[in-house]
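Hi,

Here is the structure I said I would pass on to you.

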Amino acid sequence: MAVLTVVFAALLHALTPFPAAAAAAAAAAAADDTAAGAAPGGAPADWTARPGGGAGDRDARPYVYLEGTPGTALQDRLAVTNSGRAPLTVRLRGDGRAGAWARFADDTVTVPPRTRAEVPLALTVPPAATPGDASGELVATGRGGEVRVPVRVRIGGPTLAALTVEDVEIAGGTIRYALVNRGNALLRPRLAVRVEGVFGTLLDRPERPLPLELAPGRRVERTEPWPDAPALDAVTVRLRVAAEGGARDEAEASETYVPVAPAAGGGLLLLGGLAALASRAYRKPRTGRGAPRPPEPPEPSEAGALPGTGASHRGLDPDHRPLAQAGARP
């Protein structure tokens, strides 16, 4: 009986722990993935890529920076560090304007465990490149995700810093506008906002740097919040932008804020006032105190006037004929 009980308990134990075993297996697989370099969010957990040349984190450059004239080839290195326990294979490529000019010594590199490898790269500036700044990225894709290293190139020659602010408009409590880099230099714009109403200044924000870098030829649409926009006013918004190199521009837009319900009533009152003015203009007041005199009869013509009398003989009353004719015989 005791033997049967032990056997039954063993069978029951073998059949019941499947969910727990599955969870344990999933946790073990996750741990293996983490050990292999997979981290939450797709970012690599056990390898890095950064500009070469630095011995440690303090010496690491934040990005690859190169200077040259059009048509020259510039040299640098990309360091890939594998801190995991398994070999790491990464694929290397360039992205963006300046990144597309880069070529690596090997597009695919295998780095042993606990090893750092520096991959040489050559960046060739096109002969027809415009003087100024160009930017891009160096992309390393491997176990667990990818790493993007910024690359910036200063192209020799005369530079032109030109910045414009365009398409300014007001939509309720939001000011919309666009910034355009019209030159060949990388710009970090600064913005100042001022709003004038009928009775004075409604908003005055001093110049402040914007959180963006504007590459040559790039256009960015942005918004400026204005939570205290008036309910009834006529406003003018002025935006002033500036950047290094003397680049600056200014633009403005106007808007009238009118409440919907009061506007309807005001429109009716305005129409009524215009109608009253029109009615008064049509009915002109009389100039005399008494009744208007009838029009005077027209003057008699000179052809029918009697000599010495100044009156016409034709059409006169017989009782008012001259005395010489009244006593004359026919």
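This is a predicted model: local features need pLDDT of at least 70, side-chain atom pairs count only at pLDDT 80 or more; totals for chains, interfaces and linings use all residues.

Residues are numbered from 1 along each chain as its sequence is written, and side-chain values use heavy atoms, with hydrogens and water left out.

**The chain as a whole**

The secondary structure comes to five helices and 16 strands. Both are DSSP runs numbered from the N terminus (helices are H or I with at least four residues, strands are E with at least two). Of the 330 residues, 30% count as buried. Buried means under 20% relative accessible area, exposed means over 50%, and partly exposed is in between (1.4 Å probe, protein chains only). The chain exposes about 21300 Å², and carbon and sulfur atoms supply 58% of that; the areas come from the Shrake-Rupley method with a 1.4 Å probe, and for residues only the protein chains shown count as cover.

Now for contacts, meaning heavy atoms within 4.5 Å. Among contacts in the chain with a separation of 6 or more, 65% are between residues 24 or more positions apart.

Start with the open sheet of five strands, in the order S2-S9-S8-S4-S6, where the pairing is mixed. (Two strands pair if DSSP finds at least two bridges between them.) At its edges are S2 (64–68) and S6 (108–111), each pairing on one side only. On average, neighbouring strands here are turned by 25° against each other, direction ignored. For those angles, axes are lines fitted to C-alpha atoms (for helices, over the stretch in contact), and angles run from 0 to 180 degrees between N-to-C directions. Strand S4 (residues 88–95) runs antiparallel to S6, and four bridges join them.

**The cores**

In soluble globular proteins, nonpolar side chains tend to be buried together. A nonpolar core here is a set of buried Ala, Val, Leu, Ile, Met, Phe, Trp, Tyr and Cys residues joined through side-chain atoms within 4.5 Å. The largest one has 30 residues, and those with the most contacts inside it include Trp-47, Leu-92 and Val-153. Strand S9 (residues 145–155) gives the largest share of this core, five residues. A second, separate core of 26 residues includes Leu-163, Leu-187, Leu-203 and Ala-247.

What does Leu-92 touch, leaving aside its neighbours within four places in sequence? Its contacts include Leu-78, Phe-104, Val-109 and Val-139, as well as Asp-106 and Asp-107.

**Salt bridges**

Side chains of opposite charge can pair when their charged atoms come close. The cut-off for a salt bridge is a side-chain nitrogen of Lys or Arg within 4 Å of a carboxyl oxygen of Asp or Glu, and the structure holds 21 of them.

- Glu-118 and Arg-77 meet at 2.7 Å, N to O. They link strand S7 (residues 115–124) to strand S3 (residues 73–82), 41 residues apart. Both are partly exposed, Glu-118 at 29% and Arg-77 at 40%.
- Arg-154 and Asp-133 meet at 2.2 Å, N to O. Arg-154 is in S9 and Asp-133 in S8 (residues 132–142), 21 residues apart. Arg-154 is partly exposed at 36%, whereas Asp-133 is buried at 11%.
- Glu-224 pairs with Arg-205, with the closest N and O atoms 2.7 Å apart. Glu-224 lies in S14 (residues 219–225) and Arg-205 in S13 (residues 200–209), so the pair ties together parts 19 residues apart in sequence. Glu-224 is buried at 3%, and Arg-205 is partly exposed at 22%.

Finally, salt bridges that share partners join Glu-166, Asp-167, Arg-182, Arg-219 and Glu-221 into one network.

Happy browsing!
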